[in-house]
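Dear colleague,

Please read them with the structure open beside you.

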Amino acid sequence: MTATLDAPAPEAGAVPSFQVTLKIRRFLPSDDAIPTFGEPFEAEPRWDEFTVDVHGTDRVLDALHKIKWEQDGSLTFRRSCAHGICGSDAMRINGRNRLACKTLLKDLDPSKPIVVEPIKGLPVVKDLVVDMEPFFASYREIMPFLITTGTEPTKERLQSPKQRERFDDTTKCILCAACTSSCPVFWTDGQYFGPAAIVNAHRFIFDSRDEGGTQRLEILNDKEGVWRCRTTFNCTEACPRGIEVTKAIQEVKRAMITRAF
Amino acid sequence: MQTHQYDVVIVGAGGAGMRAALESSTRVRTAVISKLYPTRSHTGAAQGGMCAALANVEEDNWEWHTFDTVKGGDYLVDQDAAEVMAKEAIDAVLDLEKMGLPFNRTPEGRIDQRRFGGHTRNHGEAAVRRSCYAADRTGHMILQTLYQQCVKNDVEFFNEFYVLDLLVDHDLAAGDVPAGEEVNVSGVVAYELATGEIHVFQAKAVVFATGGAGKIFKTTSNAHTLTGDGMALAYRRGIPLEDMEFFQFHPTGLAGLGILLSEAARGEGGILRNSEGERFMERYAPTIKDLAPRDIVARSMANEVREGRGAGPNKDYVLLDLTHLEPAHIDAKLPDITEFARTYLGIEPYTEPVPVYPTAHYAMGGIPTNIEGEVLRNADDVIKGLYAAGEVACVSVHGSNRLGTNSLLDINVFGKRAGRSAAAYAATASFVELPESPATTVEAELETIRTRPDGERVADIRRALQETMDANAQVFRTAESLTQALEDLKALRKRYEAVSVQDKTRTFNTDLLEAVELGFLLDIAETVVVGALNREESRGGHFREDFPQRDDARFMQHTMAYRRPLATGAVTVGDDDGAFSRAEEFDGYQLVLGAKPVTVTRYQPMERKY
């Protein structure tokens with residue numbers, strides 16, 4: 001005995017089935033030459049269009065899966081949890097950075113092809129997959145872990161609900177890179193730490209238990225640090241977790257001025 | 001092909017894997033191999049909390065927690081393991097706090113605690129506040145915090161590497177090794193997704209922490225990547241899988257989608273209602289109502305739907321009502337799950353009840369281990385150097401039904417133990433010689449699938465698998481439905497022999513890996529179905545309509561499922577009256593069942609009422 005699985009979900013989402021076309025940026029590196037399969041592949045990116053039938057509650061990820069599973073198995077993208085918590089499937093959808101699993105197709109204009117591209121500013125590995133290593137390297141540089149001195153208490157460190165609330169927003173980050181790869185400064189200068197790294201620094205700088213704020217502020221005072229931010233707010237718009245990214249960056253800048261080094 | 005050598009190799013970088021890595025990497029040379037970037041792991045999707053009897057907000061103690069765990073698991077729990085978990089829970093929570101985990105706080109600044117299903121005061125008197133939490137993102141915070149500590153400790157990761165074989169000096173699937181004889185692990189074989197290159201990792205100790213297998217079902221809260229890899233690799237090498245028939249269906253998945261809405265919704269006061277608006281849990285669990293354990297709530301919901309009291313146009317779900325809660329309270333305590341309802345169903349939980357239906361959520365079973373995390377190859381003997389922890393393992397603290405929050409606890413307590421044990425073993429052990437050509441099996445499998453010109457599509461077989469599992473092996477099961485599932489599985493296995501992929505490249509070939517993962521899913525599904533068919537009783541998450549009572553006389557033992565060659569006789573370790581002496585033939589091998597006794601320390605089985 002199971003729920004009716006194939007039926008579109010409940011009346012609230014009762015949008016009838018419809019058709020969408022996706023225009024997807026494809027890329028395969030030229031060194032992917034397999035002797036048994038003939039000629040090396042083209043290294044030039046191309047655009048492919050696919051049309052699929054979808055349900056009212058389907059997301060862009062569902063459409064990508066339909067394409068991969070029914071039309072072209074070689075279409076390549078990352079995904080895991082499929083409900084916006086693992087951060088695998090950040091991509092550029094109609095020119096905006098979003099998670100494919102949180103973007104409902106019914107909310108996009110179905111009269112035009114939905115344009116899907118990899119996020120910008122990171123090297124493309126294949127199709128919608130980019131090399132995340134530079135992104136994580138910036139994250140690691142800001143010392144994203146609690147720093148304390150002295151002896152540890154036997155029980156928990158005390159923290160008031162208000163102190164806990166102070167950094168709540170930036171604890172929500174899932175490291176999907178939607179913010180960093182939407183930042184025009186990052187596009188032109190890959191050395192810039194980028195919003196995600198600063199958000200994660202903020203998470204510790206404003207944690208009452210942490211004692212490494214000064215070190216992190218020194219790191220972010222670097223020429224590739226927070227001062228490169230031009231407050232274009234792309235990052236805040238891109239964040240699938242609703243983090244006020246630009247505000248967090250501004251708070252870090254302010255802390256740099258007000259906290260004595 | 002590249003070869004690497006490490007003292008300890010940990011497979012999987014979710015909560016259990018990273019907790020193990022923090023123990024192991026400070027003691028011996030350790031590598032963590034993960035098919036995902038660590039922060040993508042599904043630990044991050046856990047929401048409600050992690051129980052520990054801190055007694056920060058009301059009286060509590062670890063013995064009550066142990067009792068609740070044992071009763072929650074319908075007495076199939078190994079009580080020594082449950083005691084360890086409940087006792088060490090307190091330090092596990094405090095450890096996480098010291099690592100920086102941002103728990104919600106009481107007005108005094110202590111870690112706040114809330115109610116959760118099946119957790120009670122004084123052996124069932126009333127619900128107790130035991131769950132330590134960070135809004136409804138506790139798993140996210142645990143995953144992030146453990147990864148932060150791994151960064152701090154320079155843990156070495158091999159990300160987007162798929163482990164596809166376990167190297168052991170005796171192939172148990174080729175036949176039984178006499179009891180008492182030593183079986184040793186020598187390493188693993190992995191596939192690098194980015195390049196298609198094969199890597200052999202020689203290791204003194206291997207820790208499996210690969211998580212669950214929810215993708216055997218269609219409606220599931222699990223990630224696409226939860227394909228039972230570690231369980232299947234062990235099973236293929238003849239290592240038994242324990243209690244696989246016990247799968248948890250979480251009551252509150254978003255209807256039609258399966259996306260998880262935490263039990264914390266009910267812990268914070270949410271109520272389940274049928275189409276008549278009735279709080280139906282009052283009839284099924286008069287004392288703790290909506291906070292009864294998940295198996296009971298899921299079955300009650302399915303029963304309401306079955307008896308025509310389901311809501312919605314097709315009367316196929318029930319409603320989770322939060323409308324009586326203050327919006328500010330919802331925002332503070334349940335922000336993510338209410339956003340899921342808005343995003344995916346267009347429902348506003350402040351004012352409308354949310355459509356929910358049970359969703360496949362958690363494998364209680366897995367690779368059998370003892371409380372040190374050592375993997376067992378039968379009811380008694382361990383495999384030297386092999387460890388497992390977390391959902392992939394069965395220690396067994398969850399028995400036939402896991403209590404909410406006990407999985408986040410399990411990964412922390414037993415991840416730590418497994419990492420510590422593996423490091424201690426590796427510190428004194430020497431490397432076991434690798435087989436002559438260790439990667440042959442993996443290379444052959446991958447090349448066969450990749451080069452097969454045209455055949456069955458992965459997605460077609462997988463869909464058929466998930467549909468038969470949902471239809472025949474879900475909340476309600478019968479001999480008839482399970483026999484149907486078994487027949488379907490055998491037919492699908494035939495089709496799988498002809499599986500092919502369209503992507504023939506070496507770079508990031510996820511088409512190929514999905515085909516490999518489908519093979520794992522088929523392996524896992526057969527252990528679930530055969531175990532369920534054999535267990536002619538109802539206990540915890542396993543409900544047989546044709547055997548609705550618990551039958552302690554015949555079935556208060558753990559099921560062990562072994563893959564063996566067709567020629568071998570039955571393996572009946574620890575099984576007195578033959579209740580577990582089933583063998584099921586598949587193409588080229590048989591699945592042989594055996595039993596393992598349940599460890600009972602202080603709680604004799606009682607009727608399970610809430």
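Strand β4 (residues 113-121) of chain B is mostly covered, with eight of its nine residues buried, where buried is taken to be 20 or more other C-beta atoms, placed from the backbone, within 10 Å of a residue's own; strands are DSSP runs of E of at least two residues, helices runs of H or I of at least four, and both are numbered from the N terminus. This is a predicted model, in which local features need pLDDT of at least 70 and side-chain atom pairs pLDDT 80 or more, while totals for chains, interfaces and linings use all residues. Residues are numbered from 1 along each chain as its sequence is written, and chains are lettered from A in the order in which they are written.

β4(B) runs antiparallel to strand β5 (residues 126-132) of chain B, to which five bridges join it (strands pair if DSSP finds at least two bridges between them). B:Thr120 stands opposite B:Ala127 of β5(B), and in the hairpin, which has four residues between the strands, B:Asn122 takes a positive phi near 45 degrees.

In chain A, helix α9 (residues 245-258) has 14 residues, and among those buried are A:Val245, A:Ile249 and A:Val252. The buried residues of α9(A) pack against α4 (168-171), α6 (195-205), α7 (213-220) and α8 (234-238) of chain A.

Between the chains, 55 residues of chain A are in contact with 67 residues of chain B, contact being C-beta atoms, placed from the backbone, within 7 Å. To the side of chain A that touches chain B, α1 (60-71), β6 (124-126) and α3 (161-166) of chain A each supply at least two residues.

Best wishes

Conventions:
Expected span 1.5 Å × (residues − 1). Buried ≥ 20, exposed ≤ 12 C-beta atoms within 10 Å, placed from the backbone. Contact = placed C-beta atoms within 7 Å.
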